[in-house]
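Dear colleague,

Please find the structure below. My notes on its aromatic side chains follow.

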Amino acid sequence: MKSTFFANMSPALACALIVLFTQCGQGSVKHNNSEQTADSIQLRDTATMVLVPGGSFQMGAAGEHANADEQPVHTVQLNTFYLDEHEVTNAQFAAFVAATGYVTTAEKYIDKAELMSQLPAGSPEPDSSALLPGSLVFTPPSHAVDLNDITQWWSFVPGASWQHPWGPTSDLTGLENHPVVHISYFDAQAYAQWAGKRLPTEAEWEYASRGGLLNQPFSWGSELLTQGVPKANTWNGNFPYHNTETDHFKYTAPVKSYPANAYQLFDMAGNVWEWCADWYDTNYYKSLGNNSHNPNGPAQAFDADDPSTPKRVMRGGSFMCSDEYCRGYRVSARMKSSPESGLSNVGFRCARNK
């Protein structure tokens, strides 16, 4: 599977994809969901948080657009918790880096021996350019392409990082209030711990996204994405080569550019994918009974499409989601990636116990 997938790629892109979509020996970081209280942790990030009232909801989806890993629908009970009203911005992340000197995953050199251990047997050694710090950048083609071949719109760009989202010649000028991107799970965890917060669980994220609405596919209700006024930052037109920008943005949008949901949370659909605390397990919902209370996800990861690579959950979709491609902006849609993955459409927001 992997050797076929990587056969037609350039060595640098193949190496980058493996680094960003495999575990590469990193340890997991545990979230402290059960012990953290509002009074026990110092808040360093005082951005507005919304108090999400506890309650029960039907998690998952059924029907035409529901993926197998969103089924079956099951009842979940959650305690009250806080959630950032919007995704963490470049300005907020810059404050964290200034205070701590933190270096993100994308800004670190790649170890050749570790990389070779992840490549298919018999692969040639990568050249030095494939070991440079960098990240995967969305590079849309000018024409229609096979939507099953992600290499048609992703390129490994040395020097790309949260500070240089499109490569080393780009910067954050004018993007201070946009969501920070090229953020790995480890980066998000580090920020959350510094801020006196944590990452939300997958159940918390979906519950908050629904905003108290019952059996609705979107955070705003049931109106189709393409109907009425723009409701989220997604891909308009033909993915990945033609974006009509009818939602007013080609790539990321400033946070709070669209109406909030009923819980007064912004960008719970589109803009950037958001890391959750949970490991991803394709079959996790099947293992849960009804009336789960504050589920923290499976004890270990399992992706039926790639069993050798442990992954974490991401939620919410991004500016690249569209009806014809991923529909990841649905409240129940699940995405997964290895903890090291940091792409130009991946960010996060934080949670906190009441």
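The aromatic pairs in this predicted model come to a count of 27. Tyr-185 and Trp-275 form one of them: the ring centres are 5.8 Å apart and the planes stand at 75 degrees, so the pair is edge-to-face. With edge-to-face set at over 60 degrees, the angle settles the class.

Tyr-185 belongs to helix H5 (residues 185-195) and Trp-275 to strand E9 (residues 273-279), so this contact ties together parts 90 residues apart in sequence. Both residues are on the inside by the numbers: Tyr-185 is buried at a relative accessible area of 1%, and Trp-275 is buried at 0%.

Helix H5 also carries Tyr-191, which pairs with a distant part of the chain. Its partner is Phe-348, and the geometry is edge-to-face, with 5.4 Å from centre to centre and 70 degrees between the planes. Phe-348 sits in the loop between strand E13 (346-347) and strand E14 (351-353), 157 residues from Tyr-191. Tyr-191 is buried, with a relative accessible area of 0%; Phe-348 is buried as well, also with 0%.

Elsewhere, ring pairs join a set of residues into a cluster: Phe-138, Trp-153, Trp-154, Trp-166, Trp-235, Phe-239, Tyr-251, Phe-319 and Tyr-325.

Two arginines lie over ring faces. Arg-312 is over the face of Trp-279, at 3.6 Å from the ring centre. Arg-334 is over the face of Tyr-285, at 4.5 Å from the ring centre.

Regards

Note on methods: Residues are numbered from 1 along each chain as its sequence is written. This is a predicted model: local features need pLDDT of at least 70, side-chain atom pairs count only at pLDDT 80 or more; totals for chains, interfaces and linings use all residues. Side-chain values use heavy atoms; hydrogens and water are left out. Rings of Phe, Tyr and Trp (its six-membered ring) pair if their centres lie within 6.5 Å; planes under 30 degrees apart count as stacked, over 60 as edge-to-face and the rest as tilted. Helices (H or I, at least four residues) and strands (E, at least two) are DSSP runs, numbered from the N terminus. Buried means under 20% relative accessible area, exposed over 50%, partly exposed in between (1.4 Å probe, protein chains only). A charge sits over a ring if NZ of Lys or CZ of Arg is within 6 Å of the ring centre and within 35 degrees of the ring normal.
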